[in-house]
Amino acid sequence: MPKQKRTQSEVCDLEHSNTHQHSRKKGDLSSKPQKHHWKNLRKGAKYEASTEISGHEVDPIFSGHPKSIHILSSPSPIRQALLSWYATVETNRGMPWRKPYNPNLGSKERAQRAYEVWVSEVMLQQTQVITVIPYYNTWMKKFPTVAHLAKSSVDEVNALWKGLGYYSRGGRLLDAAQIIIRDYQGKLPDNAKEMEANIPGIGRYSAGAISSIAYGERVPVLDGNVHRLLSRFLALHALPKSKATLDTLWAAATAMVKDEVNDMDHPGDINQALIELGSTICKIRNPSCSDCPLNAWCGAYNKPKRQQSVPDIEDLCTLCEPLTEEQNGVMAYPMKVKKRKARIEVDAVSVIEWRSVDDRQFLLVRRPDNGLLAGLYEFPATSLDSNHTLNGPGLALQQLLDVVEDSVTSYNEEFPRGFQREYSGASEYHMVDVVPMGNVLHTFSHIKKTYLAQWVVIEGGIKPPQLKCGPGQPELNHEECRTSRNALWLSISEITKANISTGVSKIWKLFLTMGEQESNCSVSTQ
Ligand code: SF4
Ligand SMILES: [Zn+2]
């Protein structure tokens, strides 16, 4: 199963030399290309290209080439080749949201298709198809329509999203569903422009995908897969995220769905075919150019042997950065840029357990409704910076007192472990043990996080310490505060089912493993 990520990633090793011309195989589905881009290089005024960068010889044809090579001027045979290929692979990956276009659907059914495509597109952001399929199926059972979704809560949405990552996506779907019910009678707008302008979380790419697939609107898509495919196809070696580059690629994607289009060519199929080709053939690594239905037209694949003729200066491409001699294959496209280094962050995390003779409960706190891992639960965590001076027990006490009303007496490190079990102080609750658990590493897209975890045991009382009201809830009375859900005491089996992120799950697994090993603590997962 090929991996698909809707992300523009860096490509690496030079894999495929394409300095040779490719012959179309017998049975290939596309017609012959009408003309070759490279034949259009102008005679005219001479342009002396620099032939050296940083000690590497530069390929002169890519130092000075006409900008017209990046324009898709005759897309018709390319489109036909693409669609013929797509018809043979459309159902290969068993995606439940991909359905044949039905021109006879009424407006209600089309809006339902739009909802299905929308949910799948949001789930596919930064996530592989194979991972998304079971989540999509579960989601559609629980929220079969926009109306069902709009009536749910962020906790219900997060529960379904658990394990899929990038949790803010689920919350945004919920917010948008409520707007669709309120302002659009429960139907996603039937054009990309309105969708992009008024539905939160829907950008130009998603709007194009939803509207072309569900409503048949002739609007383009440009996700990471299509960006890579078109960059290679147009032999565009320019800063991948610059406005000029994106404008060039959007223009090519638009030409694919707009110019001279036969009414039988459903634009949704053209867009899905581009995405499919990018993710399964024109892959980040090891693109399968010999199987590609577009290889006869592909600029990167058909890059001609070095030649010296260059265009008139006014027709010269000013977008592309020169290629060196080493960058002579399709993998040279799109242009690589250095990734920004992920930020390093360290959090001190306390798995705080309250225990009595016959009960064990663990403290979880809810993250804010905005930002990273919005609305999910976690063990109390404190970001550590260079000024941080608190030690393990002191930090745990502060974390605990942030969310509970009852006073708790701290653990005294000077006493041997276990001594405090005999402690009898003024406070009802007291820490009896603080055990370092070790480090847990978790990488987000832009953060490398290290959790320094510790296990903190408190005893006293017949129930866990009373929880405070959360910030912004001063109007709640004492009893309501107990259920305000900004913090929770949960049993071992409840923690496993709670809305916690993958990083917090790792800490919990470490805790359970420790418990199995620490026979004197008798941790049970039952
Ligand atoms: S020929 Fe190769 S590089 Fe060109 S579009 Fe096809 S798979 Fe991509
Ligand atoms: Zn160029």
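The largest cavity in this predicted model has a volume of about 110 Å³. A cavity here is a set of points, on a 1 Å grid over the protein atoms alone, where a 1.4 Å probe fits but cannot get out; grid points are joined across faces, edges and corners, and a volume is the space filled by probe spheres set on the points. Lining residues have an atom within 4 Å of a point. For the largest cavity they include Leu229, Arg232, Phe233, Cys282, Cys289, Cys292, Cys298 and Val330. By class, this lining has 10 nonpolar, 1 polar and 1 charged residues (Ala, Val, Leu, Ile, Met, Phe, Trp, Tyr, Cys and Pro count as nonpolar, Asp, Glu, Lys and Arg as charged, and the others, Gly among them, as polar).

The second largest cavity has a volume of about 80 Å³. Its lining consists of 11 residues, with Trp97, Arg98, Glu121, Ile213 and Gln272 nearest its centre. Helices H3 (107-124) and H12 (267-280) are the elements giving two or more residues to this lining, and H3 gives the most, with 4 residues. Helices are DSSP runs (H or I, at least four residues) numbered from the N terminus. By class, the lining of the second largest cavity has 5 nonpolar, 2 polar and 4 charged residues. Because domain 1 (1-91 + 221-339) and domain 2 (102-215) both contribute lining residues, this cavity lies between them; the domain bounds come from an automatic or database domain assignment.

The search of the whole structure found 5 cavities of 30 Å³ or more.

Residues are numbered from 1 along each chain as its sequence is written, and chains are lettered from A and ligands numbered from 1 in the order in which they are written. Local features need pLDDT of at least 70, side-chain atom pairs count only at pLDDT 80 or more, and totals for chains, interfaces and linings use all residues, while side-chain values use heavy atoms, with hydrogens and water left out.

How values were computed: On a 1 Å grid over the protein atoms alone, a cavity is a set of points where a 1.4 Å probe fits but cannot get out, and a pocket is an open set with protein on both sides within 12 Å along at least five of seven lines; lining residues have an atom within 4 Å of a point.
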